[in-house]
Amino acid sequence: DAFDEEEVILLSELAVHLSYGITALRTRGERDQQAVALKRTGEQLSLLLESLPIIFYTSLAKDDFGLTYVSNNITGFTGYKPEELIGDPSFWADRVHPDDAPLAFEEIPKVFDRGFHEYECRWRGADGSYKWFLDLLRLLVMAKGHRDAIVGVVRDVTAERNEDRRA
């Protein structure tokens, strides 16, 4: 025989370790490929979210409906950065037009009745001017142990509203 018993045992152990190492490298390579694919998907999703003429958001489905996410393109519509809205639960409410505030605050909780709702109101941007926004919101009921959330899209309908008034 070319190898004695002790050498066979050592070679067997080496083979096991090599097999483990090759599997680990293969697994890491697959993980790296998945990470690249996930990053690419995230970049594509971000491109979509920020290039459409719509503001995307998520909020709590309770209490003050504090925002938990707002797409970066909100700055182009309002002049405000997403962090400003997320960091202050009353930020949105404080900028609703005084004439629209009672109805807007009454409308939002209606999402709990049907699971979705829409309403329009005027909202003050950073430059002090008001724009009309259509807010389409949907209730996400999460699995037990997770918080429910509201997801929504907001569209600037100022031009349409102005056109309707002229007609």
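This is a predicted model: local features need pLDDT of at least 70, side-chain atom pairs count only at pLDDT 80 or more; totals for chains, interfaces and linings use all residues.
Five aromatic pairs are present in the structure. One of them joins Phe65 and Phe112, whose ring centres lie 6.1 Å apart with 35° between the planes, a tilted arrangement. This pair connects distant parts of the chain, 47 residues apart: Phe65 belongs to the loop between β1 (55–60) and β2 (67–70), and Phe112 to helix α6 (residues 111–114). Phe112 counts as partly exposed because its relative accessibility is 38%, a value that falls between the 20% limit for buried residues and the 50% limit for exposed ones.

A further pair is formed by Tyr80 and Trp123. Their ring centres are separated by 5.6 Å and their planes meet at 80°, so the geometry is edge-to-face; the threshold for this class is an angle over 60 degrees. Here too the pair bridges distant parts of the chain, with Tyr80 in the loop between α2 (74–78) and α3 (82–87) and Trp123 in strand β3 (residues 116–124), 43 residues apart. Both Tyr80 and Trp123 are buried. Through ring pairs, Tyr80 and Trp123 form a cluster together with Phe91.

Phe91 also takes part in an arrangement with a charged residue: the charged end of Arg95 is positioned over the Phe91 ring, 3.6 Å from the ring centre. Arg95 is located in the loop between α4 (91–94) and α5 (101–107). Arg95 is buried but makes no salt bridge. The nearest side chain of opposite charge belongs to Asp94, at 4.5 Å, whereas a salt bridge requires a separation within 4 Å. Apart from neighbours within four places in sequence, the contacts of Arg95 are Tyr80, Arg122, Trp123, Arg124 and Tyr130.

His97 counts as buried because its relative accessibility is 14%. When residues up to four places away in sequence are excluded, His97 touches Arg122 and Tyr130.

Arg161 lies over the face of Trp132, 3.7 Å from the ring centre.

Definitions and conventions
Residues are numbered from 1 along each chain as its sequence is written. Side-chain values use heavy atoms; hydrogens and water are left out. Helices (H or I, at least four residues) and strands (E, at least two) are DSSP runs, numbered from the N terminus. Buried means under 20% relative accessible area, exposed over 50%, partly exposed in between (1.4 Å probe, protein chains only). Lys and Arg count as positive and Asp and Glu as negative; His and the chain ends are not counted. Contact means heavy atoms within 4.5 Å. Rings of Phe, Tyr and Trp (its six-membered ring) pair if their centres lie within 6.5 Å; planes under 30 degrees apart count as stacked, over 60 as edge-to-face and the rest as tilted. A charge sits over a ring if NZ of Lys or CZ of Arg is within 6 Å of the ring centre and within 35 degrees of the ring normal.
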